[in-house]
Amino acid sequence: MRSLELLAPAKNLECGLAAIDHGADAVYIGASRFGARVAAGNSIDDIRQLCLYAHQFAAKVYVTVNTIIYDNELEATRQLLAELSDAGVDAILVQDMAVLQMLRQGDCPRVSSAADYKGTVPMLHASTQTDNRTVEKVRWLRDVGFRRVVLARELSADEIAAIHEAVPDVELEVFVHGALCVSYSGLCYASEHCFGRSANRGACAQFCRMKFDLIDADGRELEHQRHLLSLKDMNLSSHLQELIDAGATSFKIEGRLKDTAYVKNVTAAYSEALNAIIRQHPDRYSRASRGQCTYTFRPDLHKTFNRGFTTYFLHGRQPDIFSPDTPKALGEYVGRVKELRRDSFNVAGTATFANGDGLCFFNADNDLEGFRVNRAEGNRLFPQQMPANLRPGVALYRNNDQQFERLLSRPSSVRKIPIVMHLSQTPNGYSLAAEGVTVTIQCEHQQAEKPQRDNIIRQLSKLGGTIYECSGVEMPADFNAFIPSSLLADLRRQLVAALNGDGSRCVMPMTQENRPQYAGPQYDHPYLYNIANRLSCEFYGADAPTAYELRGGDGPIMQCRHCLRYALGRCRKNPADHSTVEWREPLFLRLGDGRRFRLEFDCKHCQMNVYAED
């Protein structure tokens, strides 16, 4: 039986609890420091509360400690790892190999590598920030101590399958939904170069969402002020079976900066998709956690933030992965403008509208304009202010659905663990069992003067204030005892307490005997290794820190699988891409302030590299 894990994001405790309630098998969340989303930090107390709640459902909590670390932060990192272990987290996602070096030197006893893992302390997962796109890299990560690897978003199903076949003992975590970084994760230095805000330190300024001109070697403008590096959002909800077949273990939703409504809707949608697969193959797959969710709404991925959807490279290179006209959320298509009046217009389509809906459209200059609906009368809409550029025939999108948002602003899911109870008579009283747990009470046996089964079932089924729901009470066929309702309630409370356990987890320090030993590769280490402290130097055998953030670098500031030649119909490998006007290379991207960035098309590796031009 193969276990399938849905991994949801949590900006904060509220989002984390919502993710569990709406079907997540695991949640990933940032601590107060050293997470790749600096704006999404959380206290140890909040993470501890999330762990206690999640563990009731056998769900897990992973914490991101996945930035590069400076020398003056090493001691704070050790302290944070110890606090996270005490809080009960199940895994820690890391980028900086200093953490592994701490393990090697015995300075970090409260986390574990794959080599010595016994389920008593948090496991280490290799973050996607470690640039995990080849069999060789995943095998190396396994050999140095990682049990799970978060793969690059750019990989196809075939590439994932090849990694799984070559390294079957590594758990593979794959992204299935949400925003896409145009550069391979961990290899983007554009924000640091342009704005002094390091993506490897959690402070990305979203260089890739900006407007650029595309110019050739003669200075001729080929594209004017378009979002040429801005990608659509990933949506693989219809392709989960392919990823399962490829060997993926965990299916990850991006969104640690998204709000609770987003987490609720997207988690519920993917949870239902996984459940549908399990229903088709109940003997092959199961969920990684326990509990069944009941929703007050119908999940719809088009109704929460998205820039339009793409399957990205799941089936190889595709022409429609980027969103050059806008980096903003489009939402769902709702119809076309039919007729304009002075203060209103009507929409041709089947969508229904509500007061307060947010709508948007592309104007004649191909810029996205948005407005709010003040009043909706059927398909006639009265904006707060009529958009000046709205015209008949324009396609409309809804990026804020008021009715849907109201549903999600309230309690919108209940997660319960169904249990079957077994009531039996003992020599000195009665026992109640469920899920392999048994509790007893001592009392005198009394024969019932009239049938008691209905009352017994009713009393034992009163689990409304717990995470359990009774799906049946089984008793011997000849059971005919009278048990006072107070004793039945006591049995029920004891059983619930026993099922919950104490929620604690033993922490086993790593001893000298079982401490893993690592030997990193011995060769030159350019800035692409992101070595930022002395422990990383020791791990790799490097002479000195070489991180771009510390020394700069002459190489690319981005490595992208997204290729503008291909996206704009100029791929030299594609016979269908022909043009009477040849581009004279090298090509450059130019920001509005005049700064230029040279593009290198590495056709051998089907990759586009971006260089800063100082």
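A salt bridge here is a side-chain nitrogen of Lys or Arg within 4 Å of a carboxyl oxygen of Asp or Glu. With that in hand, welcome to a predicted model, in which local features need pLDDT of at least 70 and side-chain atom pairs count only at pLDDT 80 or more, while totals for chains, interfaces and linings use all residues. Residues are numbered from 1 along each chain as its sequence is written, and side-chain values use heavy atoms, with hydrogens and water left out.

**Salt bridges**

- The whole structure holds 36 salt bridges.
- Glu173 pairs with Lys252, with 3.1 Å between the closest N and O atoms. This pair links distant parts of the chain, 79 residues apart: Glu173 sits in strand β7 (residues 171-178) and Lys252 in strand β11 (residues 250-253). Helices (H or I, at least four residues) and strands (E, at least two) are DSSP runs, numbered from the N terminus.
- Are Glu173 and Lys252 buried or exposed? Both are buried, where buried means under 20% relative accessible area, exposed over 50%, and partly exposed in between (1.4 Å probe, protein chains only).
- Asp233 and Arg307 meet through their side chains at 3.0 Å, N to O. Here too distant parts of the chain are linked, 74 residues apart, with Asp233 in strand β10 (residues 233-235) and Arg307 in the loop between β13 (292-295) and β14 (309-310). Asp233 is buried at 2% relative accessibility, and Arg307 is buried at 8%.
- Shared partners join the salt bridges of Glu5, Arg148, Glu171, Glu173 and Lys252 into one network.
- Glu75 and Arg78 form a salt bridge with their closest N and O atoms 3.2 Å apart. They are three residues apart in helix α3 (residues 74-87), so about one helical turn separates them. Glu75 is exposed, at 52% relative accessible area, whereas Arg78 is buried at 14%.

**The six-stranded sheet**

- Six strands make an open, antiparallel sheet in the order β9-β8-β26-β27-β28-β25; two strands pair if DSSP finds at least two bridges between them.
- β9 (221-226) and β25 (558-560) stand at the edges with a single partner strand each, so one side of each has no neighbour in the sheet.
- From one strand to the next, the twist averages 20 degrees, using axes that are lines fitted to C-alpha atoms (for helices over the stretch in contact) and angles from 0 to 180 degrees between N-to-C directions.
- Strand β8 (residues 212-215) runs antiparallel to strand β26 (residues 587-590), joined by three bridges; Asp213 stands opposite Arg590 in β26.
- β26 also pairs with strand β27 (residues 596-602), antiparallel and over four bridges, and Leu587 has Leu599 of β27 as its bridge partner.
- The hairpin of β26 and β27 has five residues between its strands, and Gly594 there takes a positive phi near 100 degrees.

**The second largest pocket**

- The second largest pocket holds about 520 Å³ of space.
- Its lining has 23 residues, and those closest to the centre are Thr130, Asp131, Lys137, Leu528 and Tyr529.
- α5 (135-144) and α13 (534-540) are the elements that give two or more residues to the lining. The most comes from α5, with three residues.
- A pocket is an open set of points on a 1 Å grid over the protein atoms alone, where a 1.4 Å probe fits, with protein on both sides within 12 Å along at least five of seven lines; lining residues have an atom within 4 Å of a point.

Note on methods. Grid points are joined across faces, edges and corners, and a volume is the space filled by probe spheres set on the points.
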